[in-house]
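This briefing is intended for reading beside the sequence and the structure. Please consult both as the points below are taken up.

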Protein chains: 2
Amino acid sequence: MYQRKIPIDYECGLSVAMEVVGSKWKFCLLDEIAKGKTRPRDLVSAINGITKRVLQKQLSELELHGILGKTIYAEVPLRVEYFLTESGKSILPLVSAVDKWGLEFAPQLKTIMEREAL
Amino acid sequence: MYQRKIPIDYECGLSVAMEVVGSKWKFCLLDEIAKGKTRPRDLVSAINGITKRVLQKQLSELELHGILGKTIYAEVPLRVEYFLTESGKSILPLVSAVDKWGLEFAPQLKTIMEREAL
DNA sequence: ATGGATGGTGATCAAATTATCACCAAATGA
DNA sequence: TCATTTGGTGATAATTTGATCACCATCCAT
């Protein structure tokens, strides 16, 4: 999210979690993969606004962090499927919880932001 | 977190939640306030690495979003106390859950990052 | 041989967030 | 008068993240 020069505090769960999953698309990505969209091109079309390049970067970070794994099929055209590792699966409850909270909070935020925009 | 030009999608809970709480210090801040550190100067000394200015900005954003409220006491020197609103309290379970997950995941991330640094 | 579909990478620019520094204000006590 | 304490703001740099664009490779079908 924003901490490379300023190193991660491994003693702080919040710091660790933010490093791994705190960025614009990652929660959304995990959600889609959990829902069965496993191929890059499917993810690009499923996630509104993301570009190929950015997707690729986020996927490879999640892979590096051991949240995702991938399977490469020797087909033509090439087929690659990403999947959640055990660690990845362990975040899913959090993803739903965050999503749920966000939906409940949305009306309030909307009201506030619209009032603000005057 | 990173979405002003690209507007918030109020239909997407993840988008909403990230907007409100997805930034370097906010989870941490809510955690400390819940634990009783309510005054700015206490927060600065409680949270390792944050500066006065940044704290102030995050507090005022949380206040704007209706997550925090504040009470100003007409004392000398001036005393201000921030508190969690009902919405603010409703995130606390999420904060603990994220923290817990992060702590469980920390060893794995640490191993991976150290291996990577070679 | 040309173009399409798929997955992927590097360079670079734009945008957002965080950090730093200086500064203001009120009131108290030395 | 001057420093201290507390809360707060503005301007600007530093850092990180996300977006864009161009490109490579493989294999197939036309």
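The largest cavity has a volume of about 70 Å³. The model is predicted: local features need pLDDT of at least 70, side-chain atom pairs count only at pLDDT 80 or more, and totals for chains, interfaces and linings use all residues. Residues are numbered from 1 along each chain as its sequence is written, chains are lettered from A and ligands numbered from 1 in the order in which they are written, and side-chain values use heavy atoms, with hydrogens and water left out.

**Cavity**

- One cavity of 30 Å³ or more is found in a search of the whole structure.
- A cavity is a set of points, on a 1 Å grid over the protein atoms alone, where a 1.4 Å probe fits but cannot get out; lining residues have an atom within 4 Å of a point.
- Grid points are joined across faces, edges and corners, and a volume is the space filled by probe spheres set on the points.
- The lining of the largest cavity includes A:Met18, A:Phe27 and A:Trp101 from chain A, and B:Met18, B:Phe27 and B:Ile91 from chain B.
- At least two lining residues each come from α1 (13–21) and α5 of chain A and from α1 (13–21) and α5 of chain B.
- Helices (H or I, at least four residues) and strands (E, at least two) are DSSP runs, numbered from the N terminus.

- About one helical turn separates A:Trp101 from A:Phe105, because they are four residues apart in helix α5 (residues 86–116) of chain A.
- A:Trp101 and A:Phe105 are both buried, and B:Trp101 and B:Phe105 are both buried as well.
- Buried means under 20% relative accessible area, exposed over 50%, partly exposed in between (1.4 Å probe, protein chains only).

- Helix α2 (residues 26–34) of chain A is largely enclosed by the rest of the structure, because seven of its nine residues are buried.
- Among the buried residues of α2(A) are A:Lys26, A:Cys28 and A:Glu32.
- A:Gly36, which follows α2(A), has a positive phi near 105°.
- B:Cys28 counts as buried, at 18% relative accessibility.

**Hairpin and its loop**

- In chain A, strands β1 (residues 68–73) and β2 (residues 79–84) pair in the antiparallel sense over six bridges; strands pair if DSSP finds at least two bridges between them.
- The charged end of A:Arg79 sits over the ring of A:Tyr73, 3.9 Å from its centre, and B:Arg79 lies over the face of B:Tyr73, at 3.9 Å from the ring centre.
- A charge sits over a ring if NZ of Lys or CZ of Arg is within 6 Å of the ring centre and within 35 degrees of the ring normal.
- A cis peptide bond, with omega about 0°, joins B:Val76 and B:Pro77; B:Pro77 is in the loop between β1 (68–73) and β2 (79–84) of chain B.

Definitions and conventions
1 Å grid on protein atoms, 1.4 Å probe; cavity = no way out; pocket = protein on both sides within 12 Å on 5 of 7 lines; lining within 4 Å.
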